[in-house]
Amino acid sequence: MATDAIHRRRQILSSVMTTVTMACAVFAIALLVLLLTYIAVKGFTAINWEFLTDTPKPVGEGGGIANAIVGSAIMTVLGSIFGLPIGIGAGVYLAEFGDNWFGSTVRFLSDTLIGVPSIITGIFVYTLVVLPMARQSALAGSISLAIIMIPIVARTTEEMIRLVPKSMREGALALGAPQWRVTWDIVMPAAASGIATGGMLAVARISGETAPLLFTALNNRFMSYYIDEKMSSLTVQIYNYATGPFEVEHQMAWAATLILVGLILAINILVRFLTRKRY
Amino acid sequence: MTNKISIRELDFYYGQHQALFDISLDISEREVMAFIGPSGCGKSTFLRTLNRMNDTIPGARVKGSVEIDGSDIYASRTDVVTLRRKVGMVFQKSNPFPKSIFENVAYGIRINRMHTSKTDLADRVEKALRDAALWEEVKDRLNTSAFGLSGGQQQRLCIARALAVQPEVLLMDEPASALDPIATQKIEELVVELKKDYTIAIVTHNMQQAARVSDKTAFFMLGKLIEVNPTQRMFTNPDEKLTEDYITGRFG
């Protein structure tokens, strides 16, 4: 009889805990779904061809965000060109040669840097690049994005490389391969899809950054392709529209948000596609 | 027969922990020596001292000497990369690279720049695969992933990969322990075949396997070498009481 009671209690406890955790999961996903739906509904009405292909015009005359789309693309790509190689290189060092005090220091600083609010990166680049150049520029914006990206890429690359089994390295070493060839020929290809995932997620992350661009690239009402000039970006444009006094501007902010979320979603789907299981 | 490998008073430490005690042992040219003993007795550790694979473990230390062809492999002038080319290794778990079957075998040839042309490379790959008794099974799918092979085929691929760089010594760390009896038999036949050209040291858990493939057997326990003798004698009339207890299954 006693065992029956224990058994019943265990069953009740089990179903209670399952329900609680499931409720949390539903709550978490519901918020996200709500957010995305809200953005879609609000944004969709303001999107049209002109909005995508025109530059901003005075309030009430329509206009679009083509310059912001182009600007975001240029700065994200440029930031990635700086950030990805350095981040991946640092990650390879940490995983393959970083079991010493220097490696631990770099690891600790990277983790700290990941946690630093991005506006601080913006101020830092403002002091380091904008002030000497005496103007805001797309270059400064890209550099601040790269700085945000590097520690993220370094740490994910390190994690991915550490997942490559030791036995595979030993197999190559046993054939008389020097350490650098083991890393380059065997370890890197084996970790490639993981490294690519980490890289793309970092790209998605920086394409959604606002704060570091406020100080560095600022904004530009016109279409600009020059990296030494101010450049518009989707995020800063959203910030401007959303804080403007007119309802039309708020509409445009929602529409630009929808575009940005759509682009980030596209990057994530691309990552999924590129890293699907091959074997 | 001349001594290919000569080990003298070898101690080995993982940090503070001593794993091998005062091992002295000779392995002759073109001989198969089997290392047997209970789990954790140090036989794998010992095997890995012969191509300095333990160098990759932080805190690992060696005392004493290991000479191959009369030169000390732990001397400061020894190039570990050259050493490992000469002393090939096959691991307990097959560890093909994430490449095609062809590229797996070609890798060692490429990094050591042993081939003179593309056809020469292909010839060398074919020879290695033939020597590992795998050629017939894979010749039509050389460019497919090595992970598509069965466990036994993967292990023979790893043997082919090791043979492709033309080593003089082959170290095998329980090469058949993860394989079924048919695949195991193939590996064993291969070892007997390879003996004609290579000096082989093989770690095994399986005493029948040691009896089937080896010329001499060394019995390890708790990091000490208890006995080395011709395999025939070892399994019929061992010198040591401990050896007899182990091979008759009284412990371990």
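Analyst: **Strand pairs in chain B**

In strand 2 of chain B, the residue that stands opposite B:Tyr14 is B:His17. Residues are numbered from 1 along each chain as its sequence is written, while chains are lettered from A and ligands numbered from 1 in the order in which they are written. The model is predicted, with local features needing pLDDT of at least 70 and side-chain atom pairs pLDDT 80 or more, while totals for chains, interfaces and linings use all residues.

Strand 1 (residues 3–14) of chain B and strand 2 (residues 17–28) of chain B run antiparallel and are joined by eight bridges. Strands here are DSSP runs of E with at least two residues, helices are runs of H or I with at least four, and both are numbered from the N terminus. Two strands pair if DSSP finds at least two bridges between them. Strand 1 and strand 2 of chain B make a hairpin, with two residues lying between them. In that turn, B:Gly15 has a positive phi of about 60°.

A residue is buried if 20 or more other C-beta atoms lie within 10 Å of its own, exposed if 12 or fewer, and partly exposed in between, with C-beta atoms placed from the backbone. The burial of strand 9 applies to both of its faces. On one side are B:Lys216, B:Ala218 and B:Phe220, and on the other are B:Thr217, B:Phe219 and B:Met221, all of them buried.

Which strands pair with strand 9 of chain B? Strand 3 (residues 32–36) of chain B runs parallel to strand 9 and is joined to it by four bridges. Within this pairing, B:Ala218 of strand 9 has B:Phe35 opposite. The pairing with strand 10 (residues 224–230) of chain B is antiparallel and extends over six bridges. Here B:Phe220 has B:Leu225, in strand 10, as its bridge partner. Strand 9 and strand 10 of chain B also form a hairpin with two residues between the strands. In this hairpin B:Leu222 takes a positive phi near 50°.

The C-alpha atom of B:Lys216 is 7.9 Å from that of B:Gln232, although the two residues are 16 apart along the chain. B:Gln232 lies in helix 9 (residues 231–236) of chain B. B:Lys216 is buried, whereas B:Gln232 counts as partly exposed because it has 13 C-beta neighbours inside 10 Å.

Now the wider picture. Chain B has ten helices and ten strands. Its radius of gyration, 18 Å, is close to the 18 Å that the globule rule gives for 252 residues, so chain B is as compact as a globular protein of that length. The radius is taken over C-alpha atoms, and the rule is 2.2 Å times the number of residues to the power 0.38. The C-alpha trace of chain B spans about 55 × 45 × 35 Å along its principal axes, and 44% of the residues of chain B count as buried. Contacts in chain B between residues at least 6 apart in sequence join residues at least 24 apart in 67% of cases. Two residues are in contact if their C-beta atoms, placed from the backbone, lie within 7 Å.

Chain A is built from eleven helices and zero strands. A compact globule of its 279 residues would have a radius of gyration near 19 Å, but the value for chain A is 24 Å. Along the principal axes, the C-alpha atoms of chain A fill a box of roughly 75 × 65 × 35 Å. In chain A, 38% of the residues are buried.

Where do the two chains meet? In total, 24 residues of chain B are in contact with 16 residues of chain A. On the side of chain B that touches chain A, the elements giving two or more residues are helix 2 (80–86), strand 6 (87–90), helix 3 (101–111) and helix 6 (151–164). Helix 2 of chain B gives the most to that side, with four residues.
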